[in-house]
Amino acid sequence: MSSIAISTPRATEAAGTTLHADANATYATALERSALLDGLIDAHAANDPARFRMLTGDRPTGPLHIGHYLASLRNRVRLQDKGAETFVVIADYQVITDRDSVGELGANVRGLVLDYLAAGLDPARTTIFTHSAVPALGQLMLPFLSLVTDAELRRNPTVKDELALSDGRPLSGLLLTYPVHQAADILFCHSRIVPVGRDQLPHLEQTRAIARRFNTRYAAGQSVFPEPEALLSDVPLLLGTDGSKMSKSKGNVINLRDTADETAARVRAARTDSQRRITFDPTGRPAVANLLTIAGLFLEEAPESVADRVGDGGARVLKQVLTEAVNESLAGHRARRAELARDPAHLASVLHDGNARANEVAERTLATVRAVMGMSY
Ligand code: TRP
């Protein structure tokens, strides 16, 4: 099935005038399109892996938690297993977009690799690499920077949010321009599909604009870079155990690497409400609804049905059900993670091989870029 067009050409825009225009409309379109893409992946990825090449990534700022697992990691494994060629970038240069130091970078990077492997990402099929090991990414950024305007960079709503949350730091050159570096992550391997959360949609739009403009301005209309598409997960926004945004610093998350006892303690401390009977009511009882949603996702059961089962058992039984759901679902993951952690040489070799493969692909792309730009000397 080489004829499936998975990229929807949209009207070309005058540079910088339409990017980041209407976030809600973009989100609704991306959700619809994601459902469609998911069907295409199901039907065709196994026969045509390159056409469904996928890249996504994480910032190594701390341990992965159950929100990452449910909304993203589990889905990556599913897509890999359907046959899509998969790349995962550990975005170490993005750690310093909005903070002053890299923190426990080495430990965080190794922690991510452990969770990837424990979850079922297979380094024979999925290329796991770090920004810092692939110099060609930085070099691709230069022509890409020439294709974006200062105005569209400043309008990027995700960058604005990150700036607002960065404790009064001034806007650094890296925070302003990292969406262009991220475009290099996505385009260097000609990925078509980018599984991401809603907050990353502005970066995808920027990436698509860069691909289009590169092809038009520097490649005489040849499709050097196909326009990638976002693949949004259908998992609803999950909150921390206190009912607010999941955040390491608030201590309201359950990490994948936590023990069963740590998980039980975190759930025991979770916020509920004073109504005895458990019902699923996201607007009226958001904290309870969030716990039901998380339990339902682990149990592959609708949150309403978890609520029915708990019924008059109240918060105590709800917490028991949730603790068991998390601990039983993650038991295998945690055991594999602990086992893998005992073999640091294997971890190092996974990253080493992934970095080598990413470098090979990135060098080839950079050579094409230089050639079409007349820079082959
Ligand atoms: N910015 C992403 C995040 O904060 C991580 C990331 C880096 C990424 N490069 C990427 C995601 C490329 C998708 C594609 O989660």
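Guide: What follows goes through the salt bridges pair by pair. The model is predicted, so local features need pLDDT of at least 70 and side-chain atom pairs count only at pLDDT 80 or more, while totals for chains, interfaces and linings use all residues. Residues are numbered from 1 along each chain as its sequence is written, and side-chain values use heavy atoms, with hydrogens and water left out.

A salt bridge here is a side-chain nitrogen of Lys or Arg within 4 Å of a carboxyl oxygen of Asp or Glu. The whole structure holds 22 of them.

One of these joins Glu85 to Arg53, at 2.6 Å from N to O. Glu85 is in the loop between helix H2 (66–81) and S2, and Arg53 is in the loop between helix H1 (23–44) and strand S1 (54–58), so the contact ties together parts 32 residues apart in sequence. Helices (H or I, at least four residues) and strands (E, at least two) are DSSP runs, numbered from the N terminus. Arg53 is buried at 16% relative accessibility, whereas Glu85 is partly exposed at 22%. Buried means under 20% relative accessible area, exposed over 50%, and partly exposed in between (1.4 Å probe, protein chains only).

Asp115 and Arg337 form another salt bridge, with their closest N and O atoms 2.8 Å apart. This pair links distant parts of the chain, Asp115 in helix H3 and Arg337 in helix H12 (residues 314–341), 222 residues apart. Asp115 is buried at 1%, and Arg337 is buried at 11%.
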